[in-house]
Amino acid sequence: MRSLVFLEHHEGELQKGSLGVLSKAASLGEAMGVVLGPGGKELAPRAGAFGATGVYVSEQAELAAPLPQPRVDALASLVEQTGAEAVLFGASVLAADVAAGLAARLGAGLNWDLADLSLADGELVGTRPALGDTVLVDVGWKGSPRVALVRSGALDPVESGGSAEVRDFQATFSDFSTLAELVEQTQEESTGPSIEDADVIVAGGRGLGSPEAFSLLEELAAALGGAVAATRAVVDAGWYPYATQVGQTGKTVSPRLYIACGISGAIQHKVGMQGSGTIVAINKDANAPIFDFCDVGVVGDLHQIVPKLTELVRAHRGGQ
Amino acid sequence: MKIAVCVKQVPDATVTKRIDPQTKRLDRSGESALNPTDLNAVEEALRVKEAQGGEVVLVSMGPEKAVDALRKALAMGADRAVLVTDEAAAGSDLLGTARALAGALEREAADLVFFGQASSDGDGAVLWAAVADLLRRPVVSQVASLTVEGGSVTGKRQTEHGYDVIRAPLPAVVAVSDAINEPRYPSLKGIMAAKSKPQETLSLADAGVQPDAAGEAGAGTTVLGLGPPPSRGDQVRIEDDGSAAQKIFDLLVERRLL
């Protein structure tokens with residue numbers, strides 16, 4: 001299968017989610033990357049290491065702002081030019097709109113919220129966890145190209161060490177595609193690894209009791225070299241930034257270790273973290289749903305347990 | 001200002017959702033309700049109308065009983081409702097749904113088209129961008145605050161990296177996040193008034209959609225099969241008696257997670 005993979009980039013970095021999709025696409029056939037916007041030429045060669053045989057780049061000014069519609073134009077023309085059988089995306093605020101616009105433009109099927117991609121008898125098959133991940137649905141496409149959005153963080157990038165040929169192209173933009181404009185952009189400050197990149201995540205929910213209690217989690221995360229995440233409830237309450245939100249309307253993460261503190265385990269949170277290697281849950285309520293899908297369930301007060309655990313980890317790290 | 005709001009009927013939150021093993025699609029036979037995040041879109045439309053005057057039209061696609069769900073939005077204050085309902089539309093995926101809604105929206109020629117964030121039945125999380133492409137209009141999604149003035153709409157939205165402020169000239173398509181407002185409850189007067197508000201039903205043909213461009217026939221995707229999710233192995237349970245931190249630590253060391 002020949003596929004185009006939309007490689008999203010931000011501040012000079014190809015995003016991990018789209019590199020994960022690229023690695024997967026390369027394992028299923030010929031994968032070509034697409035890097036759109038100024039700075040693309042410099043970034044494009046890096047895609048070769050994750051399995052791209054070629055990378056299409058356009059640095060046109062219309063592609064500078066993170067807006068979907070000019071990207072639909074660019075990808076539609078690439079599909080025509082390359083005869084790609086699939087166009088694959090790692091889900092993000094931007095990618096979702098690009099994928100849906102492209103599907104409508106080309107009359108192509110779009111499957112989204114996929115946790116995996118595979119081939120069955122040479123045909124692309126997507127796996128979508130549904131109904132709060134109680135069911136895995138296998139989905140297919142009826143025609144070409146197949147458009148797919150993979151859950152953020154569901155697939156890990158695999159460095160294979162190849163190199164990619166960079167091909168410049170020029171997109172023609174539709175009259176309506178360039179009407180929307182970016183007026184202002186504010187970056188959110190972040191320290192330590194982002195939750196998508198972290199091997200260890202310490203996450204907090206309502207059970208923390210107050211925004212101040214996040215400092216306990218920050219100390220444990222720092223000791224473990226990990227990142228702090230939050231549930232939707234506490235993000236909505238303004239306790240912690242949206243960039244750290246894990247779940248259906250936030251990010252999907254799959255660290256080696258996920259320590260859930262004061263998190264009840266609502267389905268909308270579960271779908272974002274159940275792919276984690278080992279899940280440790282600390283909660284006062286022995287009946288919290290999170291105890292149904294964790295590996296280590298601790299019934300107790302996180303305010304007591306977390307600081308002690310932090311001390312033990314620090315002593316262990318210090319002694320190494 | 002003419003404002004259209006795309007809304008959807010979904011299974012009620014109190015209904016246990018299941019997938020019909022025959023059709024491999026969500027069983028929609030039980031109680032249904034208006035998709036909760038669509039209420040934010042209706043609320044925002046009403047606020048724009050209250051500030052600038054005009055009309056709020058609900059546009060939906062679904063079975064005939066979807067009219068019940070539309071009534072709640074009419075009770076909140078929307079002026080009328082248009083429902084695309086057609087047996088040939090059953091089994092529509094993103095393509096069929098987007099085409100039917102775009103067809104109905106073309107007839108309305110609204111200045112602003114609102115969508116809610118995502119539907120609780122798992123569909124439509126990307127619908128706005130597809131509809132905007134078919135209508136050939138600019139789109140702004142995930143909008144958490146909004147101003148409409150001087151013939152343009154400006155939306156602020158949260159992304160993975162921070163905040164973007166995006167402006168688009170009208171007519172435009174806007175998808176709002178559920179953080180944008182607190183939807184009002186219908187008043188008794190509103191509930192009574194809703195009963196006499198105009199409700200129009202359109203066939204696919206009325207919406208200008210060929211029968212093979214919607215429903216199963218027009219779908220670009222297919223469901224191949226269902227399976228159980230992988231299970232997670234044995235669980236360790238710890239009741240804290242003061243030693244929980246030590247026990248967690250020992251397990252992390254044992255499993256080579258430190």
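Let us begin with one pair of residues: Y56(A) stands opposite R167(A) in strand β12 of chain A. This is a predicted model, in which local features need pLDDT of at least 70 and side-chain atom pairs count only at pLDDT 80 or more, while totals for chains, interfaces and linings use all residues. Residues are numbered from 1 along each chain as its sequence is written, and chains are lettered from A and ligands numbered from 1 in the order in which they are written.

The pair with which I opened belongs to two parallel strands, β5(A) and β12(A), residues 165-168, joined by four bridges. Strands (E, at least two residues) and helices (H or I, at least four) are DSSP runs numbered from the N terminus, and two strands pair if DSSP finds at least two bridges between them. Strand β5(A) also runs parallel to β4(A), residues 30-36, with five bridges between them; there, V35(A) faces V57(A).

Why is β5(A) described as largely enclosed by the rest of the structure? Four of its five residues, 54-58, are buried, so the rest of the structure largely encloses this strand. Buried means that 20 or more other C-beta atoms, placed from the backbone, lie within 10 Å of the residue's own; exposed means 12 or fewer, and partly exposed in between.

Strands β8(A), residues 116-120, and β9(A), residues 123-130, are joined by five bridges, and A120(A) is set opposite E123(A). The two strands form a hairpin with two residues between them, and in that turn D121(A) has a positive phi of about 50 degrees.

How many residues does each chain give to the contact between them? Chain A gives 70 and chain B gives 62. On the side of chain A, helix α4(A), residues 93-106, contributes the largest share, nine residues.

Chain B has its own helix α4, residues 127-135, and eight of its nine residues are buried, including W128(B) and D133(B). These buried residues pack against α3 and α4 of chain A, and against α3, β6, β7 and β10 of chain B. After α4(B) comes R136(B), with a positive phi near 55 degrees.

Where do the chains join within it? Four bridges link β18(A), residues 296-299, to β13(B), residues 236-239, in the parallel sense. Here V298(A) is opposite I238(B), and V299(A) has E239(B) as its bridge partner.

Technical notes: Contact = placed C-beta atoms within 7 Å.
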